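Please open the model in your viewer and keep the sequence panel beside it.

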Amino acid sequence: MRLKKLQLHGFKTFADKTEVEFADGVTAIVGPNGSGKSNIGDGILWVLGEQKASALRGTKAADVIFAGSESRPATGMAEVHLTFQNDGRSAPAQYAGFGEITITRRLFRNGDSDYAINKTPCRLLDITELFLGTGVGTRAYSIIEQGRIGLIVSAKPEDRRSILEEAAGVTKYKARRKQAERKLDATEQNLLRLSDVVGEVGKRHTLGLGDAVNVYIGAEDVAHP
């Protein structure tokens, strides 16, 4: 998949709908300090599912919504669309037939939020799984913020392992293994609870049967002194 287009509306300083095209080759975004260059990177991270406000240079989730200015009021929603051109090689099988794949994220001031893939509502997990093993993601090697390159170069080999695993396509299999292990753990806990319930029901049934026998024997004693 190749990054093709980014659309921002109400996200940080982009009060109006803004579209950034990524043509073949190198695309550079230049401008003076405070013009919103870093907000474009934040928008990409955000639509990919970044949950930490600090990673988006904010203190709370609503900080990504345009806060207003002297000339215009604040917006009630932040919306970002990120479009990829699908080459059919790295996309999951269910999206292989789409020429483009667009992911969307919206956040409202009342706290409501939603995600979508090709305009179809989905979960954050669906977006995460869409990009597993592709190098695209909030912690993947395809997005390296300012200052991180030096950390990667000087990091210990074990600290660079996650980046190498993502590049090798191992991450998605490790994620699936963890998910399977969680399901197995949950199943084991359910079986333990079921065993406890069966044991408790068995004890009550045995106790009830014993009481009935005692009552019957007592009745026989009364009938035949």
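Begin by colouring the protein chain by pLDDT (the predictor's confidence in each residue, from 0 to 100): the chain averages 81, and 76% of its residues score at least 70. This is a predicted model, in which local features need pLDDT of at least 70 and side-chain atom pairs count only at pLDDT 80 or more, while totals for chains, interfaces and linings use all residues. Residues are numbered from 1 along each chain as its sequence is written, and side-chain values use heavy atoms, with hydrogens and water left out.

Now switch to a cartoon view, with helices (H or I, at least four residues) and strands (E, at least two) taken as DSSP runs numbered from the N terminus. The protein chain has 5 helices and 6 strands, and along the sequence these follow the pattern β-β-α-β-β-β-β-α-α-α-α. Among contacts in the chain with a separation of 6 or more, 55% join residues 24 or more positions apart.

For the interior, note that 27% of the 225 residues count as buried, where buried means under 20% relative accessible area, exposed over 50%, and partly exposed in between (1.4 Å probe, protein chains only). Then select Leu6, Trp46, Leu48, Val64, Leu82 and Ile103, which touch the most other members of the largest nonpolar core, a set of 30 residues. Such a core consists of buried Ala, Val, Leu, Ile, Met, Phe, Trp, Tyr and Cys residues joined through side-chain atoms within 4.5 Å. At least two core residues come from each of β1 (2–9), α1 (37–47), β3 (77–85), β4 (100–108), β5 (113–117) and α2 (124–131), with α1 giving the most, 5 residues.

Which residues of α2 are buried? Selecting the helix shows Ile127, Leu130 and Phe131; seen down the axis of α2, the buried residues fall within an arc of 85 degrees (taken from the directions from the helix axis to the C-beta atoms), so they line one face of the helix.

Finish at Leu107 in strand β4, which counts as buried because its relative accessibility is 10%. Beyond its neighbours within four places in sequence, Leu107 is in contact with Trp46, Ala61, Ala62, Val64, Ile65, Gly76, Met77, Ala78, Asp112 and Ser113. To follow one of these pairs, draw a distance between the C-alpha atoms of Leu107 and Ala61, which lie 46 residues apart along the chain and are separated by 8.6 Å.

Key:
Contact means heavy atoms within 4.5 Å.
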